[in-house]
Amino acid sequence: MNREDIIKPGNLVYEKPVLMNDNDMHYCPGCSHGVVHKLIAEIIEEMGMSEKTIGISPVGCAVFMYNYIDIDWQEAAHGRAPAVATALKRLWPDRLVFSYQGDGDLACIGTAETIHALNRGENITIIFINNAIYGMTGGQMAPTTLMGMKTATCPYGREPELHGYPLKITEIAAQLEGTAYVTRQSVETVSAIRKAKKAIRHAFENSMAGKGSNLVEIVSTCSAGWKMTPEKANKWMEDNMCKYYVLGDLKDVE
Amino acid sequence: MAEEVLLMKGNEAISHAAIRCGCDGYFGYPITPQSEILETLALVKPWETTGMVVLQAESEVASINMVYGGAGAGKMVMTSSSSPGISLMQEGLSYIAGAELPCLVVNVQRGGPGLGTIQPSQSDYFQSCKGGGHGDYHLIVLAPNSVQEMADFVGLAFDLAFKYRNPAMILADGVIGQMMEKVVLPPVRPRRTEQELIEQCPWATVGKPKNRKPNIITSLELKPEAMEIINLRIQAKYRQCEAEEVRYEEIDCDDAEYLIVAFGSCARIAQKSMEIARAEGIKVGMLRPITLWPFPTKIIAEYAKKVKGILSVELNAGQMVEDIRLAVEGKVPVEFFGRLGGIVPDPDEVVEALKSKIIK
């Protein structure tokens with residue numbers, strides 16, 4: 001097979017989503033954000049919602065998400081994205097509205113907004129990147145930091161007497177009457193990425209069908225914050241994170 | 001057709017005026033003495049008539065961030081609260097001002113600091129007029145002194161907010177919110193259609209059509225050179241607002257030898273004090289700032305050339321008096337009289353203060 005044969009459209013196995021622009025990403029090598037960004041861009045395109053989507057970026061590493069996907073965006077104050085999303089969806093009910101938040105943003109400072117938006121059954125999707133650490137501020141303890149895990153603010157490891165316990169907010173979300181679909185996914189392998197894509201698509205479709213609130217947690221790596229190579233971070237995530245934050249659907253209302 | 005005159009509370013007038021002004025959404029959390037605003041909206045159910053969204057949020061923090069979301073999408077949105085709740089909104093207000101978004105915030109003040117009292121106060125003057133949240137920004141602040149002005153200022157506040165893409169505040173107090181007076185509600189303005197909104201707010205997040213760049217609502221800019229330019233643009237807007245939007249009322253000022261400056265409910269009391277003083281032969285006039293920011297600096301500077309002394313009367317420990325002194329630049333004595341913690345002064349107390357502090 002020569003080059004011309006190889007690049008025939010029929011042989012295409014991968015294409016950059018049209019909505020993803022060519023701006024240089026600021027994420028570290030091995031970070032999960034880029035993969036999840038790509039999935040979201042693909043799904044918006046595939047659903048034909050490019051002109052009807054409003055995204056809400058958080059405070060945290062994904063604060064600049066609006067630089068990478070060419071849709072309309074609002075950048076929310078730390079933790080308040082679900083409140084911003086609530087108003088946007090109620091005021092523009094035919095739009096696809098999603099927020100994209102990290103563990104500190106969603107499960108710590110924004111716990112009230114997260115719980116109440118989900119409990120009201122707002123027809124939104126919350127994408128929750130859980131890498132158990134504050135990445136942007138330099139690797140401090142997060143609400144989801146695992147027991148014994150070392151961070152800049154628990155340098156001897158997280159211990160319950162000092163720091164309390166890692167919060168399984170996704171399990172809490174599954175208990176709320178307002179949630180339609182609550183799931184926990186990951187993106188460290190091809191098969192995991194495919195499953196995560198299906199989950200996000202299902203959540204987005206639920207939002208547009210008016211079924212209620214949707215929470216998609218993505219158990220993620222932070223190789224820089226964890227001080228590991230990307231490969232080792234993936235392995236550590238599977239061996240530790242996924243033992244505590246068990247993958248799979250927690251709730252899926254028909 | 002004759003105008004319909006209704007009897008209602010100031011808080012209720014805010015709600016009815018908002019619906020009639022074409023407001024798209026209200027997001028709020030209960031707090032005394034302004035809960036009637038949300039209660040009235042819930043009772044009237046505007047979502048069944050104009051389509052206005054009304055939502056009780058989980059906190060004032062959530063309320064103001066809902067307002068941020070709605071305002072970023074070009075919608076005419078508002079919230080209301082009282083002093084402690086407004087304190088919780090300061091971060092959000094800073095973001096809204098930083099992202100240059102229009103919205104209306106109603107503060108029906110109560111006495112502080114802390115949980116304070118539920119009685120009326122004007123002790124949020126500094127917070128409202130000097131920034132409140134972090135960063136260099138201003139709210140456009142309107143101070144109603146009657147139920148009628150509560151109704152009238154809703155539309156005015158939205159107009160100013162959209163003109164300057166800046167949050168506007170109606171700074172009322174527990175008296176104005178709770179008292180019942182006659183009111184004529186503003187004329188009905190239909191809510192804007194989607195097309196009208198997109199034409200009026202080309203910056204709004206409504207979903208990106210193929211032929212334009214993404215609209216991004218943010219107050220973030222890491223490059224200091226660019227952040228300074230944004231700040232300078234915002235400041236230029238404030239200078240224009242100071243030049244064009246100052247509003248005030250002058251009462252019996254033509255022959256005045258002394259001037260009382262008071263706003264909101266305090267201006268109602270001071271007006272009575274002025275009548276008492278005039279009956280005693282004291283030539284006193286009153287200037288009532290209607291916009292507290294931008295402050296009526298120029299007209300006060302003019303009066304400083306004519307009168308012998310100025311008394312600032314406020315329901316606080318002396319806040320607006322600082323802006324009066326800045327305007328007067330030491331030309332005449334400027335003194336302060338006020339009551340604190342929810343106490344409303346008697347008109348005679350103000351007359352006494354005028355005599356003891358100014359006339360001497």
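Helices (H or I, at least four residues) and strands (E, at least two) are DSSP runs, numbered from the N terminus.

This is a predicted model, in which local features need pLDDT of at least 70 and side-chain atom pairs count only at pLDDT 80 or more, while totals for chains, interfaces and linings use all residues. Residues are numbered from 1 along each chain as its sequence is written, and chains are lettered from A and ligands numbered from 1 in the order in which they are written.

**Stop 1: α11 and α14 of chain B**

Show residues 264-279 of chain B, which form helix α11, together with α14(B); the two pack at about 60 degrees, with their axes 8 Å apart. Axes are lines fitted to C-alpha atoms, for helices over the stretch in contact, and angles run from 0 to 180 degrees between N-to-C directions. The two helices, α11(B) and α14(B), are therefore oblique to each other. For such labels, under 35 degrees counts as roughly parallel, over 145 as roughly antiparallel, 65 to 115 as roughly perpendicular and the rest as oblique. The crossing of α11(B) and α14(B) is right-handed, that is, the near helix is turned clockwise from the far one by less than a right angle. The residues of this contact divide into eight nonpolar, one polar and two charged. Here Ala, Val, Leu, Ile, Met, Phe, Trp, Tyr, Cys and Pro count as nonpolar, Asp, Glu, Lys and Arg as charged, and the others, Gly among them, as polar.

**Stop 2**

Next, colour the open sheet of five strands in chain B, whose order is β10-β12-β11-β14-β15 and whose pairing is mixed. Two strands pair if DSSP finds at least two bridges between them. At the edges stand β10 and β15 (334-338) of chain B, each with a single partner strand, so one side of each is left without a neighbour in the sheet. On average, neighbouring strands of this sheet are turned by 20 degrees against each other, direction ignored.

Inside the sheet, β11(B) and strand β12 (residues 284-289) of chain B run parallel and are joined by four bridges. Pick B:Tyr258 to find B:Val284 of β12(B) opposite. Helix α13 (residues 320-328) of chain B packs on the sheet and touches β11, β14 (309-314) and β15 of chain B; its direction makes about 160 degrees with that of β14(B). Helix α14 (residues 347-359) of chain B also packs on the sheet, touching β11, β12, β14 and β15 of chain B, and its direction makes about 145 degrees with that of β14(B).

**Stop 2: two domains of chain B**

Colour chain B by domain: domain 1 is 6-194 and domain 2 is 248-359, with bounds that come from an automatic or database domain assignment. Their C-alpha centres lie 27 Å apart. The contact takes 25 residues from domain 1 of chain B and 20 residues from domain 2 of chain B. On the domain 1 side, α6 (125-129), β6 (140-142), β7 (167-173) and α8 (174-178) of chain B each supply at least two residues. Of these, α6(B) gives the most, with four residues.

**Stop 3: backbone details in loops**

Most residues other than glycine have a negative phi, and most peptide bonds are trans. Select B:Thr32 and B:Pro33, which are joined by a cis peptide bond with omega of about 5 degrees. B:Pro33 is in the loop between β2 (25-28) and α2 (36-44) of chain B. Then go to B:Gly112 and B:Pro113, where the peptide bond is cis with omega near -5 degrees. B:Asp252, not a glycine, has a positive phi of about 50 degrees.

**Stop 4: chain A against chain B**

Finally, show both chains. Their contact takes 28 residues from chain A and 34 residues from chain B. α3(A) gives the most to the side of chain A that touches chain B, with eight residues. Two bridges join β2(A) to strand β9 (residues 216-217) of chain B, and these strands run parallel. Select A:Trp73 to see B:Ile216 of β9(B) opposite.

Terms used: Two residues are in contact if their C-beta atoms, placed from the backbone, lie within 7 Å.
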